[in-house]
Protein chains: 2
Amino acid sequence: MTTTFTTGKVTLLSAGPGDLDLLTIKAAKALAAADVVLLDDLANPEIVSLAPRARVIRVGKRGGCRSTPQAFIQRLMTRYASKGLHVVRVKGGDALLFGRAGEELAALKRADIPFDIVNGISSGFAAAASLGISLTHREHCQGVTFITAHMQDHGEPDWATLAATGTTLAIYMGMSRIENLCAKLMATLPAGTPAAVVQWAGGANERRLVTTLGRLAAEAQAAQLGSPAVILVGDAIGEAEAFDAIAPRYDSRDSLAHAA
Amino acid sequence: MTTTFTTGKVTLLSAGPGDLDLLTIKAAKALAAADVVLLDDLANPEIVSLAPRARVIRVGKRGGCRSTPQAFIQRLMTRYASKGLHVVRVKGGDALLFGRAGEELAALKRADIPFDIVNGISSGFAAAASLGISLTHREHCQGVTFITAHMQDHGEPDWATLAATGTTLAIYMGMSRIENLCAKLMATLPAGTPAAVVQWAGGANERRLVTTLGRLAAEAQAAQLGSPAVILVGDAIGEAEAFDAIAPRYDSRDSLAHAA
C-alpha cells in the first residue's frame, strides 16, 4: 500500500494461522503503517510487534463468551477511520473465510468508510501443508469444501449433502460437536474414510491426528485435541497416512521432519 | 526457514495470485535461499527477482498444451534435490489447491526427498477481496466449495449436488465451459442467484464482472473474459452488487476505489 489517504480507512487484514512468517508482505506493510490495530483473539498477539506506531485494542471473542460485541467492534472501526486514522482490523486465518467479515464490510460500506482487504492463509491450508498433502489430489476428488459447524441459527449443516459432493471437507469450529458430525457424515461416507484433526495449524504448538472417520471422534477426545482446530475428511487425506506413520503424532510442528 | 540441510530438499512454494506483495514472508525467504527454481506458467515471472542465486527453469503447461510433461517436472525436482540442491517449485495460487501438488508430493515421498510446503493465497480468496466481500457471509451461507470444472477423466462435477450444499461455489478452470456449467447449476439454483467472474484476480490486469447466474455466461463472453479466472456463485456474492455499481467494471484493480 503506497497510496496516501487524506481521510482514514480500514484495512481488513488476514493474520494467517499463527506463524508470523505466514503473513503476506502486503500485510506486513499495512501493519507498519497502522495508526490503530483492532486485534482478534485468534491472531498471534506477537503480530503487534509489526505495528510499532499503532495503538492496539484487543477485541477478541471466543465461542459463546462475547467479551466484545460485534456491533462495538464495528463502531470502533468506523469511529477511528472517521478521525482520519488508518485502522487495521486483524483477523486470524483469511478474513474472508468465516469470522464475521461480511458484517464488518457491510458496516463500512454503510458508513462510507474506505477499506481494503489483505488476504492470508486459512488454517485449512496450513493444516494440509503440515500433513504434507494436497487438499484436492486429483486421483481422489475435484474440490474442497470449507464449512463451519457453528451456524448462526444454532442448526447444523446438511452433512449428507456435503458428504455427497465427494469433495474434501475442511470443517471449522467443529471440535465441540465432533462426535455428532462424524456420526452424521457416516450416514453417507464409509467409516474407513481418511480423516484428520489439526489443532493450531501452522503454529509452534500445532498438534495433529491422522486416522479414519469412524475413529476420529474417540481418538481426538483421547488425545485431548480441542479448539481451534480444523477437521479434514475425505480420500485425499489418505495421502497423509504413510507420512504420519513416520512422523511423531502429537508433537509440535517444529520437530517434524517432512521426509521418510 | 533457518534449518540448514546437508542434503537437498524441495520447497513446494505457493506464489499466490500474481501481486508479489501477496507472497508470504516465508515464501520470500525460501526464494532467497533457492538454488533452483522450477517456475509454473501461472506464477508471475517477476518472482524470479526474489531468487537471485537460483537457476530458473520454466516448466509451465497450459490447458491441453502440455509443453512440460508432469513426470518430467517430477524427475527434475528429484534430480536436483538428490544433488544436494534446494529446489523451489513455484506454483500459482496455493500449491495445495488443484495444480497437481498431490502427484508431486507423492513422487517426493517415493524418492525419499525431504520437502516442505509454503502456503499462499488462492485466486478465489483474491477474487473475494477485489469484490469487497466475504466468501461466507453468515447471513447467506455456511461455507464455500472450491471446485475444478476440469476433471481428470474429462467428466464434470455433480453440479446439482454442489448447488444443493448452499455453499458459495468458487469454480476454477471453468471459463471454457461456462455456458454449460451455468445451465447445470440453474437446474438447482434460481437464475437470479448472484454470480461473478474475476479474471487474473489480485493482479494488475484484473478484470471482473458481477451479475446473476442466468446472465453470467453471456455477459462474460460479451466482455471477453477468459482464463485464468474464478467463477463465483451464491447469495454471498450479492454483497458485491452495491459495491460493483459504483466501481468501474472492466478496469484494472489499481484504479478501483474501495469506497462509496
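A residue counts as buried at under 20% relative accessible area, as exposed at over 50%, and as partly exposed in between, with a 1.4 Å probe and protein chains only. The model is predicted: local features need pLDDT of at least 70 and side-chain atom pairs count only at pLDDT 80 or more, whereas totals for chains, interfaces and linings use all residues. Residues are numbered from 1 along each chain as its sequence is written, chains are lettered from A and ligands numbered from 1 in the order in which they are written, and side-chain values use heavy atoms, with hydrogens and water left out.

**Figure 1. A salt bridge between B:Arg89 and B:Glu104.** A salt bridge is a side-chain nitrogen of Lys or Arg within 4 Å of a carboxyl oxygen of Asp or Glu. In this view the N to O distance between B:Arg89 and B:Glu104 is 3.1 Å. B:Arg89 belongs to strand β4 (residues 86-91) of chain B and B:Glu104 to helix α3 (residues 101-110) of chain B, so that distant parts of the chain, 15 residues apart, are linked. Helices (H or I, at least four residues) and strands (E, at least two) are DSSP runs, numbered from the N terminus. Both B:Arg89 and B:Glu104 are buried.

**Figure 2. A salt bridge between B:Lys184 and B:Glu156.** The N to O distance of this pair is 2.5 Å. B:Lys184 is in helix α6 (residues 178-185) of chain B, while B:Glu156 is in the loop between β6 and α5 (159-164) of chain B; the pair therefore ties together parts that are 28 residues apart in sequence. B:Lys184 is partly exposed, at 34% relative accessibility, and B:Glu156 is also partly exposed, at 36%. Side chains of opposite charge can pair when their charged atoms come close. Over all chains, the structure holds 22 salt bridges.

**Figure 3. A salt bridge from B:Arg138 to A:Glu103.** The closest N and O atoms of the two residues are 3.5 Å apart. Because B:Arg138 lies in the loop between α4 (123-131) and β6 (143-148) of chain B and A:Glu103 lies in helix α3 (residues 101-110) of chain A, the pair joins two chains. B:Arg138 has 29% relative accessibility and so counts as partly exposed, whereas A:Glu103 is buried at 15%. Between chain B and chain A, four salt bridges are counted.

**Figure 4. The contact between chain B and chain A.** Here 63 residues of chain B are in contact (heavy atoms within 4.5 Å) with 63 residues of chain A. Buried area is the accessible area (1.4 Å probe) that two parts lose on being put together, summed over both. For chain B and chain A this area is about 5400 Å², with 59% given by carbon and sulfur atoms. B:Phe125, B:Arg138 and B:Gln142 supply 14% of the area that chain B buries against chain A, more than any other three residues.

**Figure 5. Strand β6 of chain A beside β6(B).** Strand β6 (residues 143-148) of chain A runs antiparallel to β6(B), and five bridges join them. Two strands pair if DSSP finds at least two bridges between them. A:Ile147 has B:Gly143 as its bridge partner in β6(B).

**Figure 6. The loop that holds B:Glu206.** B:Glu206 is placed between β8 (194-199) and β9 (207-212) of chain B. With 1% relative accessibility, B:Glu206 counts as buried. A polar atom of the B:Glu206 side chain lies 2.7 Å from the backbone nitrogen of B:Gly202.

Figure 7. A:Pro228 is in the loop between α7 (213-222) and β10 (229-233) of chain A. B:Pro228 is in the loop between α7 (213-222) and β10 (229-233) of chain B.

**Figure 8. Positive phi values at A:Trp200 and B:Gln224.** Most residues other than glycine have a negative phi, and most peptide bonds are trans. Phi of A:Trp200 is near 50°, and this residue is in the loop between β8 (194-199) and β9 (207-212) of chain A. A:Trp200 is partly exposed, with a relative accessible area of 27%. Phi of B:Gln224 is near 55°, in the loop between α7 and β10 of chain B. B:Gln224 is exposed, at 67% relative accessible area.

Methods. Polar contact = N/O pair within 3.5 Å; in protein donor to acceptor, adjacent residues only side chain to side chain.
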